[in-house]
Amino acid sequence: MSGVKKPVSANGRLKSLLNQTDNRICADCSAPDPKWASANIGVFICLKCCGVHRSFGTHISKVLSVALDEWSDGEIDAMIEVGGNSSANAIYEAYIPEGYSKPGPDASHDERRRFIRSKYELQEFLKPSLRITSGKSSSASIRSSFSRKILDSFRLKSSQELEGMVEFIGLLKVKVVKGTNLAIRDMMTSDPYVVLTLGQQTFQTTIIKSNLNPVWNEELMLSVPHDFGPVKLQVYDHDTFSADDIMGEAEIDIQPLITSAMAYGDPEMFGNMQIGKWLKSHDNALLEDSIINIIDGKVKQDVSLKLQNVESGEIYLEVEWLPLDQ
């Protein structure tokens, strides 16, 4: 075997595309150094615009992190086919009305939402012959575009399909800090990694070789739907020649964090203070009460968990709430 893994090659192709000059700024607001992308549209976007894209649902824009998410070859091929932010904007911003201002990096959430919805969902800035409408002319119009695959992603949905849209209320930044006294799954040690799951989203940390007290300090970003449940955390031991072994699990109740954050509104209006608490009890995995604070204008929570259904192990996290209007 060559030892070169396919995901590494895919990530290299994606990073090469990101390094193009036009992709070094957000396609929608021109903020520098975008770290997110809409895989079906073919543009690189910033965190603030990413929140707006996510709120429309994946049938409009499938948002992926350049660094944290695993991309398929097909998704990367679609990004390359579009050609970058400049090529995409030449289509989606071809006919911006005179006097209409594109939002800048400091634009409000409402300004971003209006512009991004007009640009992609309503197709208001497309050349009229490329706009996707209902009726027999739709197929001909789509075929006349240079990138049918991208335009197809904006085909108008039936009312039944729209009812299935996932509405997101914010982002959850979870920093997986470290693990201690993790269980042995190999001869004398383990190769642990952490998996976080919320709804249909699953993210994982890197694998740390031969370490029962690993330090990750890795940030994973989860989109929080309106109808959210707990975040499921699992720790696995990586095995090369067999299925990975479970090393414990726990659930993170994010209700106290979100309720506290929404009760206070804009955290930048307050000084550093405690605003809530997730209490340790017999029916959760907390090692101690988890305090929710406003720190430097951000809503944060330290979480220490005792892994369940395993002989030993603790996981330490730092969680931050990012509302879509932040």
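## Helix α2 and S55

S55 belongs to helix α2 (residues 47–55); helices (H or I, at least four residues) and strands (E, at least two) are DSSP runs numbered from the N terminus. This is a predicted model, in which local features need pLDDT of at least 70 and side-chain atom pairs count only at pLDDT 80 or more, while totals for chains, interfaces and linings use all residues. Residues are numbered from 1 along each chain as its sequence is written, and side-chain values use heavy atoms, with hydrogens and water left out.

S55 has a relative accessibility of 10% and counts as buried. Buried means under 20% relative accessible area, exposed over 50%, and partly exposed in between (1.4 Å probe, protein chains only). The S55 side chain makes a polar contact with the side chain of R113, at 2.9 Å. A polar contact is a pair of N or O atoms within 3.5 Å; within protein, one must be able to donate a hydrogen and the other to accept it, and residues adjacent in sequence count only if both atoms are side-chain atoms.

The structure holds 10 salt bridges, each defined by a side-chain nitrogen of Lys or Arg within 4 Å of a carboxyl oxygen of Asp or Glu. One of them joins D73 to R13, with the closest N and O atoms 3.8 Å apart. D73 lies in helix α3 (residues 73–82) and R13 in helix α1 (residues 6–18), so this pair ties together parts 60 residues apart in sequence.

R13 also meets D77 in a salt bridge, at 2.4 Å from N to O. This second pair again links distant parts of the chain, R13 in helix α1 and D77 in helix α3, 64 residues apart. The relative accessible area is 29% for R13, 27% for D73 and 36% for D77; R13 is partly exposed, as are D73 and D77.

E93 and K119 form a salt bridge through their side chains, at 2.7 Å from N to O. E93 sits in the loop between α4 (85–92) and α5 (109–121), and K119 in helix α5, 26 residues away. Both residues of this E93 and K119 pair are buried. The two belong to a network of salt bridges that links D28, E93, K102 and K119.

## Nonpolar cores

The largest nonpolar core has 41 residues. A core of this kind is a set of buried Ala, Val, Leu, Ile, Met, Phe, Trp, Tyr and Cys residues joined through side-chain atoms within 4.5 Å. The residues with the most contacts inside the largest core are L172, V224, L233, L305, I315, L317 and W321. A second, separate core has 27 residues, among them C49, V52, F115 and L171.

## L286 and its surroundings

L286 lies in the loop between β10 and β11 (290–295) and is buried, at 5% relative accessibility. Neighbours within four places in sequence aside, L286 is in contact with W278, L279, K280, V303, S304 and L305, contact meaning heavy atoms within 4.5 Å. L286 and V303 are 17 residues apart in sequence, with 7.4 Å between their C-alpha atoms.

## A nonpolar surface patch

Y264, M269 and F270 form a nonpolar patch on the surface, with about 310 Å² of accessible area together. Patch residues have over 30% relative accessible area and no salt bridge; like charges are joined within 9 Å, and nonpolar side chains (Val, Leu, Ile, Met, Phe, Trp, Tyr) within 5 Å. Accessible areas come from the Shrake-Rupley method with a 1.4 Å probe, and for residues only the protein chains shown count as cover. F270 is located in the loop between α9 (255–264) and β10 (273–278) and is partly exposed, with a relative accessible area of 33%.
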